[in-house]
Every structure is written in C-alpha cells, then in structure tokens.
Amino acid sequence: RSLQPIVYIASFGLGCMVVNPAFLAVYALVRGAPAMHFRTAALPGVCTGYMFAVGNVLATYATEYLGNTIGFPLSQCSMLVTALWGVLLFREIRGLVAILMLAGACFIIIGGAGMLSIYG
C-alpha cells in the first residue's frame, strides 16, 4: 500500500519527455524557434522541475491518505497560492482585465474544490 500512490509517476515522466518536445516542435513550426538561454535557464529550470515532481508525488500521497474529498481539492487549491505569488510578489499579471480573468479562474477552482469536497 505504501507505494500505491506513485505507481504512475514513471509513465507520467515518460509522457512529459515525449509531449514537451512535441509541443516545442509545433510551436517552432508555427511561430518560429524561440531563443534558447541554456546557461541562464538550466539551473532554475532543473530546480523548478524537481520541486514540481516532489509536489506531485506528495499530492498523490495526500490524496491517497486523506481521500478524494479532502486530499485532491487541497492539492488543486495550491494553484491559488501560485496565482497570488504571480500577482503580488512577481508582478507577472498586470492590468485590470487580466486580474479579473485570474480572479474568475480562482473562483472556479474554489467552486470545483468545494463541490468535490461535498459531493466527491
């Protein structure tokens, strides 16, 4: 039982290794190849990927042990924290229309998490 939540992680990782280069190739065909800054982006990219992988594994354990009605909505609401960081800390989203769209998306996430916790 202890390894049950992570049995799909290998297939998820292999899927990412196939799909991401395919998306990059399609993007390059449609819009042109983006500028690559490997020396600048390699370390932050690897660290970000590592943190995502750890968070994904821990979210699967949370869902396994807390159940679908608590663990899954809790892990999905982490996107709200990310959104707040993007707006307040990093100033990634600017302009009233963009912030209102983000607020609407946040309300949809909260509503979905609430419905899942009640009816899930």
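## Exercises on a predicted model

A search of the whole structure finds zero disulfides, a disulfide being a pair of cysteine sulfur atoms within 2.5 Å. The model is predicted, so local features need pLDDT of at least 70 and side-chain atom pairs count only at pLDDT 80 or more, whereas totals for chains, interfaces and linings use all residues. Residues are numbered from 1 along each chain as its sequence is written, and side-chain values use heavy atoms, with hydrogens and water left out.

**Exercise 1.** Classify the ring pair of Tyr61 and Tyr65.

*Solution.* A pair of aromatic rings is described by the distance of the centres and the angle of the planes. Rings of Phe, Tyr and Trp (its six-membered ring) pair if their centres lie within 6.5 Å; planes under 30 degrees apart are stacked, over 60 edge-to-face, and the rest tilted. The count by this rule is two aromatic pairs. For Tyr61 and Tyr65 the centres are 6.0 Å apart and the planes stand at 0 degrees, so the pair is stacked. As to position, the two tyrosines are four residues apart in helix H2 (residues 38-66), and therefore about one helical turn separates them. Helices here are DSSP runs (H or I, at least four residues), numbered from the N terminus. Tyr61 is partly exposed at 21% relative accessible area, and Tyr65 is partly exposed at 45%.

**Exercise 2.** Determine whether Thr63 is buried or exposed, and list which residues it touches, not counting those up to four places away in sequence.

*Solution.* Thr63 is found in helix H2. Its relative accessible area is 17%, so Thr63 is buried. With contact taken as heavy atoms within 4.5 Å, and residues up to four places away in sequence not counted, Thr63 touches Asn68, Gly71, Phe72 and Ser75.

How values were computed
Buried < 20%, exposed > 50% of the residue type's maximum accessible area, 1.4 Å probe, protein only.
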